[in-house]
Amino acid sequence: METVLLIILGSLAITGSLMVIFSKNTVHSALWMVSFFFFIAGIYILLHAEFIAMLQLIVYAGAIMMFILYAIMMLNIREELSDRIPVQPLKLAGIALLGFIFLLLLPMVVFGVNHSMLTASGPFTEQIVEKFGHMAVLSNYLFSDFLLPFEITSILLTVGVVGSVMLAKK
Amino acid sequence: MAEMQDINLYLFLSAIMFIIGAAGAITRRNAIVVFMCIEIMLCSSSLLFIVFGRATRTFDGTFMIMFIMTVAAVEAAIGLAIFILMYRKTGSIDLDKFNIMKW
Amino acid sequence: MLDKIWLIPALPLIGVLINGLFGRYIEKINKNIIHWVACGTVFLSFVITFIIFIQLLGFAPEDRLYEYTLFNWISSGVLQTSIAYQADPLSIFMCLFVTGVGFLIHIYSIGYMAHDEGRYYRYFTYLNLFMFSMINLVLANNFLLMFLGWEGVGLCSYLLIGFWFSKEENAIAGKKAFITNRVGDFCFIIAMLMLFCGLGEHGIWSFRFSQIFPNVHLLSPEMITVICLLFFAGCTAKSAQIPLYIWLPDAMAGPTPVSALIHAATMVTSGIYMVVRSNILFSLSPTALCVIAWTGALTALLAASIGLVQNDIKKVLAYSTVSQLGYMFLALGVGAFTAGIFHVLTHSFFKALLFMCAGSVIHAMSGEQDMRFMGGLRNKTPITFWTMAIGTIAIAGIPPFAGFFSKDEILWKTFASGNILLWIIGAVAAGMTAFYMSRLMFMTFFNNCRASDEVKHHIHESPRTMTVPLMVLACLSIIGGFLNVPHALKYIAIFGEEKAHHFLDPVIGLGPDKILQKAGHEIAHQASHATAHHSLSLEYGLMLLSITIALAGISIAYMMYIKKKDWPEKLASRFCTLHKVVFNKWYVDELYAFLFVRPFHVLSNFFWKGIDVPIIDGMVNGIARIVLWSSTVLRHVQTGQLQSYAISVIFGTLLLMFYYYFHVDL
């Protein structure tokens with residue numbers, strides 16, 4: 001059952017990302033991106049990571065994409081110039097390289113997972129996670145063991161805010 | 001361990017998303033679309049983190065996601081501010097036009 | 001004072017350093033300081049030499065050898081050489097007149113170069129450097145130090161000949177002198193090294209004279225002959241014999257005091273000094289001595305013949321020098337080493353005198369050097385006239401002036417050794433000498449002045465700094481001959497008879513010095529004893545004959561240039577081909593240009609255009625061009641576009657994946 005859902009959601013996500021890069025209109029790209037984030041959130045839920053899914057929707061699809069849409073609006077993007085300047089050969093070569101990388105990745109992905117190394121060593125079985133709740137477990141460790149990175153990211157956010165205000169000021 | 005059966009699919013999905021994101025990043029001329037493709041790539045790596053976290057029954061992957069997301073948000077803010085500056089300077093955000101550092 | 005012998009070369013060196021390094025600034029302050037420094041150092045050297053001479057006289061004849069080592073120069077395995085000087089009769093004899101005449105010429109130069117602006121200090125620097133090299137040459141106690149001096153005088157000769165280098169022919173003359181000397185130096189080096197290695201096979205690894213000459217008989221006769229011939233080849237270059245005399249006439253492009261010092265008194269005599277120093281070596285090889293004698297005689301004849309028809313006053317004197325050097329080598333070739341050295345001494349007196357007088361004449365004539373435009377200077381420049389007359393009579397060989405004693409002794413010894421033909425050549429050359437020197441006198445000082453009015457107006461006697469050395473040298477030319485009065489004329493021996501002989505005999509291997517009495521000084525023995533076998537009347541007869549020949553030469557010149565002035569043109573037109581050939585120096589320079597210079601030019605051109613430019617320059621430039629080409633290709637990597645850089649990152653990732661994927665061992 002989960003496999004079927006995964007396949008459906010996965011293909012939808014792939015479709016979404018493909019449309020992102022193939023859309024001529026920038027706003028269309030942004031909207032496809034939003035949908036992509038939704039499908040990814042769905043996949044996270046399949047993985048029993050509900051909090052992350054919500055976080056994804058709120059932060060990515062909500063904040064970041066809105067940000068991008070604001071920027072598109074402010075920059076007044078017209079349609080991509082379709083009087084085709086043909087794609088540079090270099091970029092085609094880059095695509096080829098990427099294809100090559102993918103080909104190299106395939107066997108790894110399909111056959112190369114070393115199950116013996118993936119020892120289920122941690123304590124967080126499904127039962128425990130369901131007992132306490134995903135978010136509770138996360139926040140428990142976030143504010144005790146991972147407090148320093150948390151604080152640093154808050155500083156990072158401050159810096160980002162100040163920086164973007166400074167940059168965009170006239 | 002239903003996780004274990006599907007892990008290949010997850011990895012495959014992550015790989016495809018990464019490649020698609022990279023392809024978009026090097027092909028599109030619009031700076032904002034490039035930015036979105038970078039976000040796709042970040043997403044694929046986040047997915048990987050979650051998957052392996054689940055497979056080893058730890059929460060490390062999840063923590064990583066927190067910080068990735070934060071950084072992505074900050075990056076979005078600053079990147080877009082730079083795009084606005086770019087637009088002010090030259091009137092377009094076509095990446096092919098920014099080649100002053102050419103030989 | 002003997003242990004201060006190193007001061008003799010060191011003082012001129014100090015002069016070089018002071019004048020050379022600071023001369024430019026000293027000139028601005030006070031020009032006189034330069035010549036005070038230069039002349040002062042040479043004068044001090046002369047004083048020290050004289051004191052050492054007196055001290056040396058105090059020793060017994062067999063003990064007159066003092067060596068002083070300054071420091072160890074080369075110390076490399078078997079090659080051990082030091083900077084060391086020796087005071088023995090021959091060295092001090094040479095050093096006395098080198099420093100003495102050198103000092104007089106320094107004084108003369110003060111007056112001569114007084115009007116040369118901006119180059120005063122350079123001139124005195126070079127002159128002092130020359131003195132330093134020459135003193136090193138004569139005082140050295142080993143071949144290497146002597147060679148250092150040998151090369152040094154060659155260098156200074158080049159520097160001084162080309163002193164006024166802004167005129168191209170002066171620079172070319174300097175180059176010619178240096179390159180010709182180089183050929184000789186090459187032979188010298190080979191001879192020196194052959195000597196070193198040859199003796200080294202017998203276990204004697206040394207360049208020192210006192211260690212080489214007692215053991216020279218250990219070498220095989222063929223090797224000795226080759227070494228002697230190569231040494232003599234070096235001498236032909238330095239002392240202007242056939243075939244390498246060609247530089248000396250051209251060297252007249254330099255200032256006249258330079259000609260006086262270098263090409264009359266000192267540098268050209270260094271070859272003779274070297275042969276006399278190595279007399280034991282040369283005595284062991286009759287072949288080499290024969291070559292030397294014949295070369296000397298032929299050079300004397302050839303140069304005298306060219307000097308007969310030259311018009312430039314300095315060229316006449318130059319060819320006269322070559323001719324007199326031929327006499328000295330003739331003396332050495334027949335074994336009369338002392339006679340040769342004595343002729344060096346007297347020749348330095350009167351030749352330096354003649355050159356300086358010529359300089360005085362040129363100075364009076366505002367730079368005119370062609371004798372056809374001179375004349376009648378007798379009354380206008382009396383001191384120059386009288387001193388030059390004394391020099392001319394001395395060189396012609398009229399007693400009791402200096403030239404008579406030395407030249408006559410050479411001719412006598414030549415005759416007595418049995419080589420009548422050599423004697424004839426020498427006598428003919430003596431006659432020619434008298435002729436062309438008198439011709440010079442008559443054309444310059446007698447008859448009416450043939451110069452332009454402007455020049456006539458400016459004729460004046462030279463300043464005191466120039467005339468006083470002339471007078472000193474004139475006195476020396478008169479009395480210098482009495483240093484070596486032969487036994488036959490013992491009644492007029494003022495200072496005692498055969499003083500020079502007695503002084504130099506230990507060095508020539510005739511004295512009571514036991515070390516030098518090994519097999520090998522036979523020739524010198526023969527030379528001195530041969531004369532003892534001939535009768536006194538023969539000696540008187542030959543003396544009278546040489547005086548007659550000299551007087552004949554003078555009178556012929558008198559007839560041609562005073563009495564019947566049309567004879568020169570008539571003779572020239574009668575023998576016009578011969579005259580033309582002799583006037584053009586027997587076309588020797590052209591011959592050399594054809595035989596040696598042109599092929600070298602062709603070869604050098606080939607090496608330059610065919611090898612150096614395309615191959616060597618091509619390689620170096622080619623590397624530069626490759627770098628340039630690769631950069632023009634590689635710069636396209638920097639496109640300035642963001643996404644192409646991203647592609648290169650992807651490419652790197654791919655490479656990394658290859659590495660990990662296939663477990664490639666790098």
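This is a predicted model: local features need pLDDT of at least 70, side-chain atom pairs count only at pLDDT 80 or more; totals for chains, interfaces and linings use all residues.
Trainee: Where do I start with chains A and B: how many residues are in contact?

Mentor: On the chain A side there are 84 residues, and they are in contact with 71 residues of chain B.

Trainee: How much area do the two chains bury between them?

Mentor: About 6900 Å². Carbon and sulfur atoms account for 78% of that area.

Trainee: And how many salt bridges does the rule find across that interface?

Mentor: One salt bridge is found between chain A and chain B.

Trainee: Which residue does Lys91(A) form a salt bridge with?

Mentor: Its partner is Asp96(B). The closest N and O atoms of the pair are 3.5 Å apart, and the rule's cut-off is 4 Å.

Trainee: How many residue pairs are in polar contact there?

Mentor: Four across the interface of chain A and chain B, counting pairs with both residues at pLDDT 80 or more.

Trainee: Which helices of chain A supply at least two residues to the side that touches chain B?

Mentor: The list runs H1 (2-22), H2 (26-46), H3 (50-75), H4 (89-111), H5 (126-132), H6 (134-142) and H7 (147-168) of chain A.

Trainee: Which one gives the largest share?

Mentor: H3(A), with 14 residues of the side of chain A that touches chain B.

Trainee: What is that side like by class?

Mentor: It has 58 nonpolar residues, 19 polar ones and seven charged ones.

Trainee: Switching to confidence. What pLDDT does chain B average?

Mentor: The average for chain B is 88, and 96% of the residues score at least 70.

Trainee: Where in chain B is confidence lowest, and where highest?

Mentor: Helix H1 (residues 2-27) of chain B is lowest, with a mean of 87. Helix H2 (residues 31-55) of chain B is highest, at 92.

Trainee: On to chain C. What does the domain assignment give?

Mentor: Domain 1 of chain C covers 286-510 + 527-572, and domain 2 covers 589-662.

Trainee: How many Å apart are their C-alpha centres?

Mentor: The centres of domain 1 and domain 2 of chain C lie 67 Å apart.

Trainee: Backbone geometry next. Which residues does a cis peptide bond join?

Mentor: Ile242(C) and Pro243(C), with omega about 0°. Pro243(C) sits in the loop between helix H8 (221-238) and helix H9 (247-250) of chain C.

Trainee: What about phi of Trp586(C)?

Mentor: Phi of Trp586(C) is near 60°, a positive value in a residue other than glycine.

Trainee: Where does Trp586(C) lie?

Mentor: In the loop between helix H25 (576-583) and helix H26 (588-634) of chain C.

Notes: Residues are numbered from 1 along each chain as its sequence is written. Chains are lettered from A and ligands numbered from 1 in the order in which they are written. Side-chain values use heavy atoms; hydrogens and water are left out. Contact means heavy atoms within 4.5 Å. Buried area is the accessible area (1.4 Å probe) that two parts lose on being put together, summed over both. A salt bridge is a side-chain nitrogen of Lys or Arg within 4 Å of a carboxyl oxygen of Asp or Glu. A polar contact is a pair of N or O atoms within 3.5 Å; within protein, one must be able to donate a hydrogen and the other to accept it, and residues adjacent in sequence count only if both atoms are side-chain atoms. Helices (H or I, at least four residues) and strands (E, at least two) are DSSP runs, numbered from the N terminus. Ala, Val, Leu, Ile, Met, Phe, Trp, Tyr, Cys and Pro count as nonpolar, Asp, Glu, Lys and Arg as charged, and the others, Gly among them, as polar. pLDDT is the predictor's confidence in each residue, from 0 to 100. Domain bounds come from an automatic or database domain assignment.
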